[in-house]
Amino acid sequence: MQFIPARLAAPVLSLSLALLAGTPAVQAAGVKVVYPANETAGDTRFNDLMEILQGALEKTTAEFGPFELEASKQKMNEERYLSELKNGGGINIAWSSTSIEKEASLLPLRIPLRKGILGYRVALISKDNQAKIDQVKSLAELKKLSIGQGAGWGDVKLYEANGFSVSTAKYDELFKLTNAGKFDLFPRGISEAFAEQEQQAKANPNLVVEKNMLIYYPWPYYFFFNKADAALEKRIDVGIHKMMKDGSFDAIFKKYNGKAIEQANFKGRKIYRLKNDQLPKETPYADTTLWFNPSGQ
């Protein structure tokens, strides 16, 4: 499926259905799905999730009716958009890592959107720090290094719970701070790190992907909904299962992650495993088809 920008795709679809039905477009608009606008202009981190979302809506039009899909009017970081979703603000769907706390206040769709691949972390670093990091031989030594993370990100609590010192900043500022060596590691999902380093190379010439280690912790990333919006959650659930059945879900995963999986060189990295005590007991570990397995690559 060729990805059509959400701001264009949904209105066109709704209009087409309206014309076919011989009714005014306004009556055929159907459900309006509003997701959080990116915090930073040009941010591509969530393009795969928008593509999954659009696909799920398209594949359920016959059963659930037409839809409109658009970004929120306000740009939001994760902390804000989860609050907006909980309080019935300007969005009715969002994406985030899960936790006991989040699932208590929001309605989760327990399908790991990226097959848990975000739990496999390589670090962006200042190239001047590579020799220092090479001296690390144990988890205890790793914990002596400082970590940078985004303000409001769920990872902050995880790293702190595992004994790390964490500094936070806005997403676009983190690259500048890492480039300048203000902290030792800026851990990123493998599907993020290599693309971000390439994008930032000109503005931050010292920024590189660390060569020899990988941090792993269970980190499923879900779609979330307001507790009162079970109807939309059901529709997206049905749509994603259709995508899994016809192969389009896996195709999106490979499209956005295949190159990074090769670049990550799992066999050449020492893995440090962290605990994630934030995960609910309902996390679907038993279904291995939902999860990325490096040994299967």
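User: Which residues lie nearest the centre of the largest cavity?

Analyst: This is a predicted model. In it, the largest cavity holds about 230 Å³ of space. Its lining takes two or more residues from each of β1 (31-37), α4 (78-86) and β3 (94-97). Of the 22 lining residues, those nearest the centre are R45, F46, E78, W153 and Y221.

User: Which element gives the largest share of the lining of the second largest cavity?

Analyst: The second largest cavity has a volume of about 40 Å³. Its lining includes D48, I52, F249 and Y256. Two elements give two or more residues to this lining: α2 (47-58) and α12 (248-264). The largest share, five residues, comes from α12.

User: Is strand β6 largely enclosed or exposed?

Analyst: S146, G148 and G150 point one way from β6, while I147 and Q149 point the other way. Residues on both sides are buried. Five of the five residues in the strand (146-150) are buried, so the rest of the structure leaves β6 largely enclosed.

User: What is the handedness of the crossover from β6 to β7?

Analyst: β6 pairs with β7 (residues 165-169) in the parallel sense, over five bridges. S146 stands opposite S165 in β7. Between the two strands the chain passes through helix α8 (residues 155-161), and this β-α-β crossover is right-handed.

User: How many residues apart are W95 and F223?

Analyst: A search of the whole structure finds 17 aromatic pairs. W95 and F223 form one of them, tilted, at 6.4 Å centre to centre and 55 degrees between the planes. W95 sits in strand β3 and F223 in strand β11 (residues 221-225), so far as the chain is concerned distant parts, at a separation of 128 residues.

User: Why does W95 count as buried?

Analyst: Buried means under 20% relative accessible area. W95 falls under that cut-off, so it counts as buried, and its relative accessibility is 1%.

User: What is the angle between the ring planes of F253 and F292?

Analyst: F253 and F292 are both buried. F253 lies in helix α12 and F292 in the segment after β12 (270-273), 39 residues apart. Their ring centres are 6.1 Å apart, and the pair is tilted because the planes meet at 45 degrees.

User: Which residues do ring pairs link into a cluster with F253 and F292?

Analyst: F253 and F292 belong to a cluster linked by ring pairs.

Terms used
Residues are numbered from 1 along each chain as its sequence is written. This is a predicted model: local features need pLDDT of at least 70, side-chain atom pairs count only at pLDDT 80 or more; totals for chains, interfaces and linings use all residues. Side-chain values use heavy atoms; hydrogens and water are left out. Buried means under 20% relative accessible area, exposed over 50%, partly exposed in between (1.4 Å probe, protein chains only). Helices (H or I, at least four residues) and strands (E, at least two) are DSSP runs, numbered from the N terminus. Two strands pair if DSSP finds at least two bridges between them. A crossover is right-handed if, with the strands pointing away from the viewer, the path from the first strand over the helix to the second runs clockwise. On a 1 Å grid over the protein atoms alone, a cavity is a set of points where a 1.4 Å probe fits but cannot get out, and a pocket is an open set with protein on both sides within 12 Å along at least five of seven lines; lining residues have an atom within 4 Å of a point. Grid points are joined across faces, edges and corners, and a volume is the space filled by probe spheres set on the points. Rings of Phe, Tyr and Trp (its six-membered ring) pair if their centres lie within 6.5 Å; planes under 30 degrees apart count as stacked, over 60 as edge-to-face and the rest as tilted.
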